[in-house]
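Open the model in your viewer and keep the selection panel at hand.

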Amino acid sequence: MTSSTNESAQRFAAIDCGTNSIRLLIAERTADGSIRELNRDNIIVRLGQGVDASGRFVPEALSRVDAALSTYTDRMVDFGVVDVMMGATSATRDARNRDEFFDITARHLGRVKEGAVAEVITGEREAELSFAGAVTDLPGATERNVCVIDLGGGSTEFVVHGPGREPQAYSADMGCVRLTERFLHSQPPAEDEIAAAREYVDGLMDVVASRVELGVVEQVVGVAGTMTTLSAITQGLDSYQPEKIHMSTLSLEDFRATARELLGRTPEQRCEFGPMHPGRADVIGGGAIVVDAFTTRFLDAGLVDITVSEKDILDGILAEVVARNS
């Protein structure tokens, strides 16, 4: 991939490495100070494979990250990126052999900026960055109490923010990969497996409710791959179309119904839906259980819909890179 030359623009990149995927965003700051997106990519690497059980990254997962970062670094160099920030989230916080991961990131990112290496992001910081990215295009986001939910591979972040209140954030150890590996051993999952996963998630939702004020929420915003995929399927799209997913508003009941339907399918049956990424099909059942839990709570509280954003922690990270170069 090549890029057009714009001598007056500075180009920056953000990378988000989660438990399931690694994503890249490249943008430029033009002469008038505006930010223009140039490239957005997603590669499923399943970095969190086996981490919940062993506490370590397996060699094949690190190899997948190595290959993805090689591709991304070539792209950043081609675009003339001058600064990059890479955030590493849930799986990296849990792994004992994280130094092997950081060595890989330093080797690649150093080609873009000397000394660059991935940074571990705490769960609460992850929630704040996700909120900042998610509400970028949300009309009136500062005028009401908004709850942004970032459902990842290893954890789910909840952040509530609104006028006159300090942001409240909590990261719960329930993500699509973690739940699948811990509970959902059959495809489709057996009833007892689902029951055990739901009991675990319900317990964590009680903790979430004790840490952030879910009762004041007036609007729910969902981000990350499980959410965007559910939006596409709920809308009946025949392929993954970001422009139709971004800022889509859907009935919470319909959103929950889609999650429940996916939970009862095999990975092959889930792939019958055009928007489903094959690398997500075997673990989205775990995410569906989280979606079922929070949608039920918000429906019981009288809310009726959810807005899904294509922008999330990746956009929040990019904003930090741009700010430190201002």
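What volume does the second largest pocket have? The answer is about 230 Å³. Bear in mind throughout that this is a predicted model.

**Stop 1: the second largest pocket**

Select Ile-35, Thr-136, Lys-311, Asp-315 and Leu-318; of the 15 lining residues, these lie nearest the centre of the second largest pocket. Then colour S2, S3, helix H5 (123–134) and H13, the elements that each contribute two or more residues to the lining. H13 supplies the largest share, five residues. Coloured by class, the lining of this second largest pocket shows seven nonpolar, three polar and five charged residues.

**Stop 2: the largest pocket**

Which domains does the lining of the largest pocket draw on? Colour domain 1 (10–121 + 314–324) and domain 2 (138–310) separately: each provides at least three lining residues. By class, the lining of the largest pocket holds eight nonpolar, 18 polar and 11 charged residues.

**Stop 3**

Ala-224 sits in the loop between strand S9 (219–223) and H8. Check its backbone: phi of Ala-224 is near 85 degrees, a positive value although the residue is not glycine. Most residues other than glycine have a negative phi.

**Stop 3: a cis peptide bond**

Move to Pro-188, in the loop between helix H6 (176–182) and helix H7 (191–211). Is the peptide bond from Gln-187 to Pro-188 cis or trans? The bond is cis, with omega near 0 degrees. Most peptide bonds are trans.

**Stop 4: a helix pair**

Finally, show helix H2 (residues 59–79) with helix H4 (residues 98–109). Their axes come within 9 Å and cross at roughly 20 degrees. H2 is therefore roughly parallel to H4. The crossing of H2 past H4 is right-handed.

How values were computed: Residues numbered from 1 in each chain as written. Predicted model: local features only at pLDDT ≥ 70, side-chain atom pairs only at ≥ 80, totals over all residues. Heavy atoms only, no water. Nonpolar A, V, L, I, M, F, W, Y, C, P; charged D, E, K, R; others polar. Domains from an automatic or database assignment. 1 Å grid on protein atoms, 1.4 Å probe; cavity = no way out; pocket = protein on both sides within 12 Å on 5 of 7 lines; lining within 4 Å. Points joined across faces, edges and corners; volume = space filled by probe spheres on them. Helix = DSSP H or I, 4+ residues; strand = E, 2+ residues; numbered from the N terminus. Axes fitted to C-alpha atoms, helices over the stretch in contact; angles between N-to-C directions. Parallel < 35°, antiparallel > 145°, perpendicular 65-115°, else oblique. Left-handed = near helix turned anticlockwise from the far one by under 90°.
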